[in-house]
Each structure stands twice: as structure tokens, then as C-alpha cells.
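Here are my notes on this model, for you to read with the structure open. They go from the overall layout to the sheet and then the core.

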Amino acid sequence: MDIEDSGPGLTQEERELLRTGEHLSRHGTGGTGLSAARGLVREAGGRLDILDGSPLGGAHLRVRLPVAH
């Protein structure tokens with residue numbers, strides 16, 4: 001599943017923090033949403049990939065989950 005938005009996107013620093021599992025902090029928030037989503041996807045045996053920007057102008061993420069048997 002691809003997730004795209006028209007927001008400001010992710011900086012290179014934010015991309016690296018997400019890859020390492022650290023929390024992001026933007027606009028005074030804890031920034032735990034993407035990190036938590038990544039953790040949930042991993043627990044389900046999947047992965048969350050950060051793709052280059054969205055045609056909408058913001059972030060572009062891809063969630064891959066295993067097929068249920």
C-alpha cells in the first residue's frame with residue numbers, strides 16, 4: 001500500500017531518523033506517529049519503505065505486509 005500526502009515531506013535527517021527507529025520531532029510534537037507505524041508494520045512481519053517525494057508534493061511511503069495463510 002502506498003501512502004502519499006501533500007505536506008512538506010520528509011527531510012533527509014527525518015528519513016534517517018525513521019530508518020534508525022528514532023522518534024521524529026516536528027512542530028513541537030513528539031513525532032511518534034511514523035516511528036510507531038514502522039514498529040507495527042515490522043511486528044506484523046512487513047516493512048515500511050520511504051520513497052522519494054510524492055507527486056502530491058509531500059511524503060511517499062510504501063507499506064508491505066506478508067500474505068496471510
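This is a predicted model: local features need pLDDT of at least 70, side-chain atom pairs count only at pLDDT 80 or more; totals for chains, interfaces and linings use all residues.

The numbered points below take up the layout, the sheet, the core and the surface.

1. Layout. The protein has two helices and three strands. From the N terminus on, their order is β-α-α-β-β.

2. Sheet order. The three strands make an open sheet, ordered β1-β3-β2, with antiparallel pairing. β1 (2-4) and β2 are the edge strands. Each has a single partner strand, so one side of each is left without a neighbour in the sheet. From one strand to the next, the twist averages 25 degrees.

3. The β1 to β3 pairing. These two strands run antiparallel and are joined by three bridges. Within this pairing, isoleucine 3 stands opposite leucine 61 of β3.

4. Core. Which residues make up the largest nonpolar core? Eight do: Leu10, Leu18, Val41, Leu48, Ile50, Ala59, Leu61 and Val63. β2 (47-51) and β3 (60-64) each supply at least two of the core residues.

5. Burial and surface. The protein has 69 residues, and 30% of them count as buried. Its accessible surface comes to about 4700 Å². Carbon and sulfur atoms account for 54% of that area.

6. Contacts along the sequence. Take the contacts between residues at least 6 apart in sequence: 41% of these join residues at least 24 apart.

Technical notes:
Residues are numbered from 1 along each chain as its sequence is written. Side-chain values use heavy atoms; hydrogens and water are left out. A nonpolar core is a set of buried Ala, Val, Leu, Ile, Met, Phe, Trp, Tyr and Cys residues joined through side-chain atoms within 4.5 Å. Buried means under 20% relative accessible area, exposed over 50%, partly exposed in between (1.4 Å probe, protein chains only). Helices (H or I, at least four residues) and strands (E, at least two) are DSSP runs, numbered from the N terminus. Two strands pair if DSSP finds at least two bridges between them. Axes are lines fitted to C-alpha atoms, for helices over the stretch in contact, and angles run from 0 to 180 degrees between N-to-C directions. Contact means heavy atoms within 4.5 Å. Accessible areas come from the Shrake-Rupley method with a 1.4 Å probe; for residues, only the protein chains shown count as cover.
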